[in-house]
Amino acid sequence: MSKPDSDDDGTTAAPAGQHFPERMWRVLDKHPPPGVDRLQRWRSPLRGPWLTSVLGAALLVTLPIVIITGLLSYIAYGPQLGQAIPADVGWLKLPTFDWPTDPAWLYRLSQGVHVGLGLILIPVVLAKLWSVIPRLFAWPPARSVAQLLERISLLMLVGGILFEIVTGVLNIQYDYIFGFSFYTAHYFGAWVFIAGFVVHVAIKIPRMWSGVRSIPPREVLRSGRRDTRPQPWEPDGLVAADPGPATMSRRGALSLVGGGVLLMTVLTAGQTVGGFTRRAAVLLPRGRTYGNGPNDFQVNRTAAAAGIAPGDTGGRWRLTLSGGPRRVVLDRAALLAMPQHTAVLPIACVEGWSTTQTWSGVRLAELAGLAGVPAPRLAHVSSLDRAGAFGSAALQGSQVLHRDALLALRVNGTDLSPDHGFPARIVVPALPGVHNTKWVTSIDFLVAVNA
C-alpha cells in the first residue's frame, strides 16, 4: 500500500481521491490565523450544554415577542396606506390592515413591550454570547458544508442581534447620530436576525432540549461554588478541554444574570410608569425635555428644534380643511367656539416612552363633516414643521372617525404649550406618537385611499 505524499512543510498531504471540500478543511486546520489559540483559552467550568441551553431557552421564549411587537410597530406606521418606513422593501413588505383604534393603549403596550423587553434582555443576550464565545472563534470555522451553513446562520444571528441592540439603544439616547436612516437599517437588520434566529433554532432545538436536561434543577440549586464541576468534554463542544476552577456556581451565574435583568427593568420602567419612578429611568429616551405645569410631560421635538417661530402660531395661524366640495379656513378662536370633546388618551413613542394626559378639542369627525367629507377613507395632516421627518401624517378612515380622535387645543385644562403643539395637534387612540402631528396647519380629507 502506497503512503500519502508529504507537503513541503512536512505534513501529510490529502489522498488523491479526497474531495475538494475535505482538502480545504484540512488546509484551513493547518493554517489558523494569528491569535486564534489565545482566543480559545477560556477555561471556565460553567461553560457547557446546560448553561447555554438554559439561556437559549429563555431567549427562545422572549425574543419572538420582541420580534412580533417590532414588526407590528412598522405596520402601525402605515396601515392600509402602504408601508411607511421603509417604503420600498420588495418582498419583505409587511401585510397591511386597518390598525385598531381600540383599546387606546394598544400601541403603548406593543411598543413598550418591544423596547422595554429588548432592553431588559440585554444581560441575557450577553450571558448567552459569553457561554458560547469559544465556539465563535473555533478554527477552522466549519468542517463540512452543513456546518458552514450553521456558522453562517450563527453569524446572522449574533451580528443581527448586536446590530439591533446597539443601534436601538443609541437611537433612544441620541438624536439622529447615524449617517443612515435608523428605521430602514433597523428593519433590514431585523430580517437578517430573524432569518438567523429561525435557522439556528431549527438546528439547535434538539440539542438545547437535551442540554437543559443534562443537569437536574435540584443539583444546580444545591451546588455551591466548591461543588461546581464541569460537564463532560466533547469534541467541538462548549466544555473546555482543561477547565479551570470555578469562580462561581451555576446558581450564582443565573442569579447574576437575573440581577442584571432586574437592574435593566428598574432603569427602563420609569419612562412608562412615570411619577417618582421617572428619576430611576436612566435609560429614558432622548426626549428628556418636559413642559411646565399641566404640560409637564415628554417632548421629543421642541418648537425651537422644528424651527417654528412664535409668529407662526400667533394670530395669523389658520387651519385649512379640504377634500370636499368646499375649502374651509378656521382660526383658533373659531375652533374653540365649536363643541369641545375631552378624552383621556396615551401617547406612545416608537422609542418606548409613553404618557397619558387629558386632551380636549374638536373631534376630527366633525372637522371632516365641516369639510364636506363625512365618511373619509383617508386624511392627510400637514404641520408647520417642514424640516422634520414627520411633518405630515396619513390617518386611516377609522382613526379619523373614532369618537375620541381629536384636533386637540388644550391639555389638562390649559392651552397646549408651544413644545406640545400649540395652537393645535392631532391626538388619536392607539396611534404611534410621531403621527400625533403637532402644529397642524391643514387636514385634507379624501374619499378614496388612492386619491
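How many bridges join strand S7 to S8? Five bridges join strand S7, residues 378–383, to S8, and the two run antiparallel. The model described here is predicted. It holds eight aromatic pairs, an open sheet of five strands and a helix pair, H5 and H6, with axes 12 Å apart.

**The five-strand sheet**

- The sheet is open, its strand order is S4-S3-S12-S7-S8, and its pairing is mixed.
- Strand S4 (328–330) and strand S8 (392–396) are the edge strands, each of which pairs on one side only.
- On average, and with direction ignored, neighbouring strands of this sheet are turned by 15° against each other.
- Strands S7 and S8 run antiparallel, and Ser-382 stands opposite Ser-392 in S8.

**Packing of helices H5 and H6**

- Two packed helices are described by the angle between their axes and by the distance between those axes.
- Helix H5 covers residues 122–136 and helix H6 covers residues 145–173; they pack at an angle of about 145°, and their axes are 12 Å apart.
- The crossing of H5 and H6 is left-handed.
- On the H5 side, the residues that meet H6 are Ile-122, Val-125, Leu-129, Arg-135 and Leu-136.
- On the H6 side, the residues that meet H5 are Arg-151, Leu-154, Val-158, Ile-161, Leu-162, Ile-165 and Val-169.

**Aromatic side chains**

- The structure holds eight aromatic pairs.
- Phe-182 and Tyr-183 form an edge-to-face pair, with 5.5 Å from centre to centre and 70° between the planes.
- Phe-182 has a relative accessible area of 11% and is therefore buried, and Tyr-183, at 14% relative accessibility, also counts as buried.
- The pair of Tyr-187 and Phe-188 is edge-to-face because the planes of the rings stand at 80°, with the centres 5.8 Å apart; the cut-off for this class is over 60 degrees.
- Tyr-187 is buried, with a relative accessible area of 0%, whereas Phe-188 is partly exposed, with a value of 33%.
- Tyr-187 and Phe-188 belong to one aromatic cluster with Tyr-74 and Trp-191.
- Arg-47 lies over the face of Trp-130, at 3.9 Å from the ring centre.

**Ser-73 in helix H3**

- Ser-73 has its place in helix H3, which covers residues 49–77.
- The relative accessible area of Ser-73 is 5%, so this residue is buried.
- With neighbours within four places in sequence left aside, Ser-73 is in contact with Tyr-107, Gln-111 and Val-350.

**Ser-360 in strand S6**

- Ser-360 is found in strand S6, residues 354–363.
- Ser-360 counts as buried because its relative accessibility is 12%, and the cut-off for buried is under 20%.
- Ser-360 and Ala-408 are 48 residues apart in sequence, while their C-alpha atoms are 5.4 Å apart in space.
- With neighbours within four places in sequence left aside, the contacts of Ser-360 are Gln-340, His-341, Thr-342, Leu-406, Ala-408, Leu-409 and Arg-410.

Conventions
Residues numbered from 1 in each chain as written. Heavy atoms only, no water. Phe/Tyr/Trp six-rings, centres within 6.5 Å; stacked < 30°, edge-to-face > 60°. Buried < 20%, exposed > 50% of the residue type's maximum accessible area, 1.4 Å probe, protein only. Lys NZ or Arg CZ within 6 Å of the ring centre and 35° of its normal. Helix = DSSP H or I, 4+ residues; strand = E, 2+ residues; numbered from the N terminus. Contact = heavy atoms within 4.5 Å. Pairing = 2+ DSSP bridges. Axes fitted to C-alpha atoms, helices over the stretch in contact; angles between N-to-C directions. Left-handed = near helix turned anticlockwise from the far one by under 90°.
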